[in-house]
Amino acid sequence: MKNKYFAVTAKCGHVGRHRYYEGTFYVIATDAKQAGAIVRNLPRVKHHHKDAILKVVEISHDEFKAGQAEFENNPYHKCESKWQQRLVWDRILPFLRPETDLQIEHRCAERKVDKLPAYTKPKTKKPYKRERFICEIEEV
């Protein structure tokens, strides 16, 4: 199989609640599916989102080289901490997008669900030994 060049646009995180950074990654892969899988496992990409990969486009070698140079100069990908990101926030801001309503709704619903089954939750507090003894005497 011959390797091809791809520009993969993905959702990246660490930019605030209900927002994502739309970043483009340039990878070499055999097909588009493999390119998406490679990018999904890269750092800063939202791994747990089903719709983390937004777009996969096959490109030429010249576009790939230009894209790699652009990626290296991207301030978002150069940041290693929160304070560095704040220094270049004005350059990152145009690439921020609001999270889709469907994703926000899914996360809110997930938090409300009771994850423990009913039989594992204690219904009442267990009485002390002394109280149990008193109850047994009264029943006789």
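**View 1. Overall fold of the predicted protein.** The protein holds seven helices and four strands, taken as DSSP runs (helices H or I, at least four residues; strands E, at least two) numbered from the N terminus, and along the sequence they follow the pattern β-β-α-β-α-α-α-α-β-α-α. Of the 140 residues, 28% count as buried, meaning under 20% relative accessible area with a 1.4 Å probe and protein chains only.

View 2. A pocket is an open set of points on a 1 Å grid over the protein atoms alone, where a 1.4 Å probe fits, with protein on both sides within 12 Å along at least five of seven lines, and its lining residues have an atom within 4 Å of a point. The lining of the largest pocket includes Tyr-21, Tyr-26, Phe-71 and Arg-91.

**View 3. The second largest pocket.** This pocket has a volume of about 170 Å³, and of its 13 lining residues the closest to the centre are Gly-13, His-14, Arg-19, Lys-46 and His-48.

**Notes.** Residues are numbered from 1 along each chain as its sequence is written, and side-chain values use heavy atoms, with hydrogens and water left out. Local features need pLDDT of at least 70 and side-chain atom pairs count only at pLDDT 80 or more, whereas totals for chains, interfaces and linings use all residues.

Methods: Buried < 20%, exposed > 50% of the residue type's maximum accessible area, 1.4 Å probe, protein only. Points joined across faces, edges and corners; volume = space filled by probe spheres on them.
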